[in-house]
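Q: Could we go through this structure together? I would like to discuss its core and its charged pairs.

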Amino acid sequence: MTMRDVTSDGRTPGVAGFLSRRRVLRLAGGGLALAALTAGAVGCDEDAVDAVDAVDVEEPGNAGGDAPGGDGGKEADADGNGNGQAPEPLWTKPTSAETYGDNDELVAAGGVVIASGSPLAALDAATGGQKWSLPGGAVPGAPLLLGEDTLYLASGEYDGSVIGYDPASGKETWRSRLGKEYRQPRPIAVDGEQVYVIAEILEDDGSSKTNVIAALNSTTGRVAWKEQRDVGTEQNGIHAAVRGRHLVYTDFKKNLTVRDTSGGGQVWTHKTTKTNYGFFTVHQDLVVVPQGNVLQAFNLTNGKEKWTLEASDGALFREPAVLEDVLYVADSARAMRAVDPRTGKQLWKSEALADVGLQVPRQYVKAGDTLYGATDLDKQGGIIAMDARTGAVRWTFNDKTGDYHAWLVATDGKRVFALHGKKLHALPV
């Protein structure tokens, strides 16, 4: 099996200044997820609470939602002035999705789209028909980690294995075990040579107080290196990305850490603010991190600050994403920005989200000249289509089910896939 160098942006959903329901679920890490669900919406931000209280549970006859203030009888406005109607879905299918709102729980590759769940089902991207399924499913809270031609999963059998599958066929193509002295290894990042995992280190009595980060050879499955992490670090809530010789990751201890991929040695680490729950993005030799009302870029090699961008009026930056060499980020005042990730220079700033009363996106994909953002909860949210050149809102899509789950979005370049609870929609690009 050969793989080209593939990197994964470590983007984690976060609500600036608050710990949201989905972050409680993610922190719970699968085993405590059901208990966390009963906690209700405590800790959600003000917009999310409003969305839950005012949710519309009526089943829609038309799954395409209008943008606020829009005319449902008009076609989508090419000028993106917010008056366009969302396109009709190409197809809508029920899924076995069990998601906690993280961006790595919906992927599209090999002509299929896959949502984290049990059983893990791959649907034909063009028709929505099922192509294959895995009875064991995906481990709750663990990512669907996608390399160029392999989908890496923590074993649903909880036997200590990490397994690679061909996303097009569902056939197993690779398997590795870290060792019997480790429990629940979970893949966190992948490049052209190695799969990076986090696992608990077992004590003699079966408990665990520490964890290990390790690299597995993506051809042979052999352990390339492993490093014990500091006492007090967590194996849950890890979000990671690889760029060249640098593995970047965060956890809920508010640490941003960079390791050398060749041997696992720590290169540098920085503290992040209380408003950052692990989300960041990488571009070339930089890692970009929201730090309250400041967006900071650090050099991957030495941790030195390269540039900063400050939000106005005390607004807090949210989840960033780099798509086609442009950094997109919104803030808590609902201002949307496009930024040159190399220099921090602002390319444009849009107030369109605030103007039409939409939620701030927390995940982004791009197809053509349209930027698609996925928001948290209903009902002033869903999938927002924006002009990637200006930030103007073109339309919004909401299935109007009132499901409290966060929206997730993915694209194969031909279609945009929107997951909401247990409904998966394919929208035309």
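**Salt bridges and core**

A: In this predicted model, Arg-394 and Asp-387 are both buried.

Q: What do Arg-394 and Asp-387 form?
A: Arg-394 and Asp-387 form a salt bridge, with the closest N and O atoms 3.3 Å apart.

Q: Which residues are linked with them in a network of salt bridges?
A: The network links Asp-369, Asp-387, Arg-389 and Arg-394. Within it, Asp-369 forms a salt bridge with Arg-389, and their closest N and O atoms are 3.3 Å apart.

Q: Why does that pair tie together separate parts of the sequence?
A: Asp-369 sits in the loop between strand 26 and strand 27, and Arg-389 in the loop between strand 28 and strand 29, so the pair joins parts 20 residues apart in sequence. Asp-369 is partly exposed, at 32% relative accessibility, whereas Arg-389 is exposed, at 53%.

Q: How many salt bridges does the count come to?
A: The count is 16 salt bridges.

Q: Turning to the largest nonpolar core, which members touch the most others?
A: The core has 18 residues, and Tyr-328, Met-336, Leu-353, Tyr-364, Leu-371, Met-386 and Val-393 touch the most other members.

Q: And which strand gives the most to this core?
A: Strand 23 does, with three residues.

Q: What does Met-386 touch?
A: Leaving out residues up to four places away in sequence, Met-386 touches a set including Met-336, Leu-353, Tyr-364, Leu-371 and Val-393. Asp-369 and Arg-394 are also among the residues that Met-386 touches.

Q: Lastly, is His-246 buried or exposed?
A: His-246 counts as buried, because its relative accessibility is 16% and the cut-off for buried is under 20%. His-246 lies in strand 15.

Key: Residues are numbered from 1 along each chain as its sequence is written. This is a predicted model: local features need pLDDT of at least 70, side-chain atom pairs count only at pLDDT 80 or more; totals for chains, interfaces and linings use all residues. Side-chain values use heavy atoms; hydrogens and water are left out. A nonpolar core is a set of buried Ala, Val, Leu, Ile, Met, Phe, Trp, Tyr and Cys residues joined through side-chain atoms within 4.5 Å. Buried means under 20% relative accessible area, exposed over 50%, partly exposed in between (1.4 Å probe, protein chains only). Helices (H or I, at least four residues) and strands (E, at least two) are DSSP runs, numbered from the N terminus. Contact means heavy atoms within 4.5 Å. A salt bridge is a side-chain nitrogen of Lys or Arg within 4 Å of a carboxyl oxygen of Asp or Glu.
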